[in-house]
Amino acid sequence: MEIKRASFITSMAEYRDYPGIGLVEVALAGKSNVGKSSMINKLCRQNKLARTSSTPGKTRLLNVYTINEALQLIDLPGYGFAKVAKDEKMRWMDMMEGYFADSATLRHVLHLVDIRHDPTADDRDMNAFLRSHDIPFTVIATKADKISRGARMKYIAAICRGLAVQPWEVIAFSSEDGTGREQVLSLLEKIMTEAQAEGLKAVRPEQIQDEPEA
């Protein structure tokens, strides 16, 4: 998949009608500061498309991005930030659960975890939630550039044990050096193609005119 056009659409406190609704949706879920916004920027090769911050808990809304007028990326609020008040955490949880319940075109979740650490209790809870609701997902091990290539499988093995997935089902990703970018783009193309085969509205990639990257 080649991303020829990417744009921020809207932020929402709850899932509702928005410009472009009805296209295939892929959600990004993960703990605070795991690198969801940085991943979006790297995939789209636009450094400022999604706002990033070194402060955990920055994403507090559902942020919507359109890719090639054919696919929507839904950046969900980061979970597991200890310094947020309990009622705020509950609001985030309700927001995400509302999204999963109300979206008619969600086809996949990219579940981001930090490759350097064993999955947290919140990571395992998200994994269990996706499984219990039969939502297809792929585990993305972010910040792969922080670990040498030779040592990555050791860390991925720990992720596999914690989330009950196989090593070949995990994509190591780095928003710094681009590791895993092509794998994620290929996955998005596969998701979109399968959804189109089911009759979901989408514009074929070849219909998008080439535009200079921002």
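This is a predicted model: local features need pLDDT of at least 70, side-chain atom pairs count only at pLDDT 80 or more; totals for chains, interfaces and linings use all residues.
Residues are numbered from 1 along each chain as its sequence is written, and side-chain values use heavy atoms, with hydrogens and water left out.

A29 sits in strand β2, residues 24–30; strands here are DSSP runs of E, at least two residues, and helices are runs of H or I, at least four, numbered from the N terminus. Leaving aside residues up to four places away in sequence, A29 touches K36, L76, Y79, V109, L110, H111, L112 and M126, contact being heavy atoms within 4.5 Å. Take L76: 47 residues from A29 in sequence, but 5.6 Å away in space, C-alpha to C-alpha.

Now, the helices. The axes of α1 (residues 36–44) and α5 (residues 181–197) come within 10 Å and cross at roughly 85°. Axes are lines fitted to C-alpha atoms, for helices over the stretch in contact, with angles from 0 to 180 degrees between N-to-C directions. So α1 is roughly perpendicular to α5, a label covering 65 to 115 degrees. M39, K42 and L43 of α1 meet R181, V184, L185 and L188 of α5.

Last, cysteines: C44 is buried at 5% relative accessible area, and C160 counts as buried at 9%.

Note on methods:
Angles under 35 degrees count as roughly parallel, over 145 as roughly antiparallel, 65 to 115 as roughly perpendicular and the rest as oblique. Buried means under 20% relative accessible area, exposed over 50%, partly exposed in between (1.4 Å probe, protein chains only).
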